[in-house]
Amino acid sequence: MQVIVAGAGPGALAFYTEHTLAAIRSADLVLTAQRLAAPLSAIAGNVKVMGVMDTIAYLNEHAEKEEKVCVVASGDTGFYSIARTIADRVDPNISVSFACGIGSLSYFAAKLKIGYEQMKLVSLHGRESSIVPHVCYNESVFALTGGTIKAADVIQQLLKAGLTAVRVHVGEHLSSTQERIVSGTPVELENMQFDDLAVVVVENKDYANRYKTLKDSDFIRGKSPMTKEVVRNLSLAALEIEPQDIVYDIGAGTGSVTCAMAYRASESMVYAVEKNPEAVDLVKENMAATGARNIEIHCALAPDALAEFPPADKVFIGGSTGNLREIMEAVLQRNQKAVFVVTAVTLETITQAVGVFAALSMETETICANISAAQKLGNYHLMKAENPVYIIKGAKQLEH
């Protein structure tokens with residue numbers, strides 16, 4: 001069997017490439033999705049509607065058959081396409097090739113008269129995810145929507161995160177006679193209805209630089225304790241946060257570590273817990289000040305709030321109110337591979353933390369940071385020492 005997976009572009013026959021049209025016309029059988037069947041039937045009499053998994057099953061069942069099959073997929077074969085899934089799952093004896101198409105990205109960008117050289121590309125189609133992290137740290141974001149997350153859901157996510165000044169472009173039924181493109185702020189588009197399958201571009205001129213190291217001066221200070229800059233940076237280095245990690249901050253205080261971790265988790269979310277309502281308000285102020293809006297802050301006493309969050313990959317504990325073991329057990333119950341960093345200043349906290357890590361059979365790495373900062377005294381500068389801080393990293397198995 002010979003299989004060509006061909007990109008149909010945005011949908012209208014006028015945007016099919018000659019390569020794709022040749023593959024369709026020469027095929028013994030054309031397999032496609034329901035929404036592409038009508039235009040295809042105008043140029044081929046052998047069109048059959050079939051889902052992705054049924055398509056793969058059919059191809060494998062007829063692998064030895066002398067047949068040329070064209071699988072017509074939406075958009076381009078290289079951009080969140082079923083093409084790769086088919087190539088990976090069909091019988092190795094089947095010859096598979098791709099015929100590229102015009103993707104919705106290039107089509108929509110042309111309609112908006114914008115470039116996409118620096119655009120962040122994401123798919124929210126059929127996924128439980130948020131566009132917010134991507135918008136926070138990128139000047140422009142292109143997203144495929146549909147299924148679980150629709151264009152209207154994207155607008156609600158932006159509003160909830162306080163990203164009301166961004167500009168949103170929504171395109172639906174692209175290239176068809178029903179094509180509609182609307183633009184505006186999330187507030188202006190809030191009550192509009194959109195098709196299940198739509199593409200979205202969000203432009204954020206005030207995006208945050210995720211590579212920036214946040215200084216203490218970047219934060220609004222209040223009465224809540226704040227993890228100082230050097231300790232914050234050492235703690236982040238110990239956590240080794242990756243862009244897609246789910247991160248917890250237990251005892252958020254002013255939110256300095258929360259926001260700094262959000263910069264690192266630039267394609268995901270940070271879930272913070274703080275028991276003091278005034279501190280929660282301060283965290284929200286610092287989210288706005290730093291642009292780190294990929295944060296959900298809950299006013300609660302851990303571990304009570306943790307069940308509402310997705311399982312954590314990385315956890316920073318700056319204050320546990322005596323519930324350290326209960327917090328760690330709650331996290332590990334949902335992800336045994338979670339990595340923790342606990343900071344401690346008092347001897348009692350150090351002893352408790354080391355004891356809990358040992359009781360939970362976890363490997364640990366501990367450093368003691370003795371920090372001195374220059375302080376001007378007349379014509380001289382003297383180094384003034386701060387209290388030593390212990391940074392304890394632990395996991396069931398640490399990478400060495």
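Author: Buried means under 20% relative accessible area, exposed over 50%, and partly exposed in between (1.4 Å probe, protein chains only). Strands are DSSP runs of E, at least two residues, and helices are runs of H or I, at least four, numbered from the N terminus. This is a predicted model: local features need pLDDT of at least 70, side-chain atom pairs count only at pLDDT 80 or more, and totals for chains, interfaces and linings use all residues. Residues are numbered from 1 along each chain, and side-chain values use heavy atoms, without hydrogens and water.

Reader: What makes strand 18 hardly covered?

Author: Its count of buried residues is 0 among 6 residues, 380-385.

Reader: Why is K393 called buried?

Author: Its relative accessible area is 10%. The limit is under 20%, so K393 counts as buried.

Reader: What joins the side chains of K393 and E240?

Author: A polar contact of 3.0 Å. The term needs a pair of N or O atoms within 3.5 Å; within protein, one must be able to donate a hydrogen and the other to accept it, and residues adjacent in sequence count only if both atoms are side-chain atoms. The K393 side chain also reaches the backbone oxygen of A238 at 2.8 Å.

Reader: Why is the pair of Y137 and Y263 edge-to-face?

Author: Rings of Phe, Tyr and Trp (its six-membered ring) pair if their centres lie within 6.5 Å; planes under 30 degrees apart are stacked, over 60 edge-to-face, the rest tilted. Here the centres are 5.4 Å apart and the planes at 70°, so the pair is edge-to-face.
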